[in-house]
Amino acid sequence: MRSSLARTVLLGCIAAGLGIWWLARAYEVDNEQMLGYLLSSVAFVGLTAILGVVGAAVLWLVRRRK
């Protein structure tokens, strides 16, 4: 199960990076600005994955207590 989560996070980061790169080239965005967008996108995807893991852990703990 952990390997599928890691694979999903990695693929999400790659897809977000490629999408941002493609849009930046299409709209002629500066390289430094593009890097900032890329890093914030990777951070967003990582944060979302972490929140999912925390939520699953909370649900697991609640079910275990019952």
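A residue is taken as exposed when its relative accessible area is over 50%. In the predicted model described here, Leu10 has a relative accessible area of 52% and is therefore exposed. Leu10 is placed in helix 1, which covers residues 2-26, and together with Leu11, Ile14 and Leu18 it makes a nonpolar surface patch of about 410 Å².

The arrangement of the helices was examined next. Two packed helices are described by the angle between their axes and by the distance between those axes. For helix 1 and helix 2, the latter made up of residues 31-65, the axes come within 9 Å and cross at roughly 155°. Because angles over 145 degrees count as roughly antiparallel, helix 1 and helix 2 are roughly antiparallel to each other, and their crossing is right-handed.

In the loop between helix 1 and helix 2 lies Glu28, whose phi is near 55°, a positive value in a residue other than glycine. The relative accessibility of Glu28 is 72%, so that this residue, too, counts as exposed.

Within helix 2, attention turns to Arg63, which is exposed, with a relative accessible area of 67%. Arg63 and Gln33 stand 30 residues apart along the chain, and a distance of 45 Å separates their C-alpha atoms.

Key. Residues numbered from 1 in each chain as written. Predicted model: local features only at pLDDT ≥ 70, side-chain atom pairs only at ≥ 80, totals over all residues. Heavy atoms only, no water. Patch = residues over 30% accessible without salt bridge, like charges linked within 9 Å, V, L, I, M, F, W, Y side chains within 5 Å. Areas by Shrake-Rupley, 256 points an atom, 1.4 Å probe, with all protein chains shown as cover. Salt bridge = Lys/Arg side-chain N within 4 Å of Asp/Glu carboxyl O. Helix = DSSP H or I, 4+ residues; strand = E, 2+ residues; numbered from the N terminus. Buried < 20%, exposed > 50% of the residue type's maximum accessible area, 1.4 Å probe, protein only. Axes fitted to C-alpha atoms, helices over the stretch in contact; angles between N-to-C directions. Parallel < 35°, antiparallel > 145°, perpendicular 65-115°, else oblique. Left-handed = near helix turned anticlockwise from the far one by under 90°.
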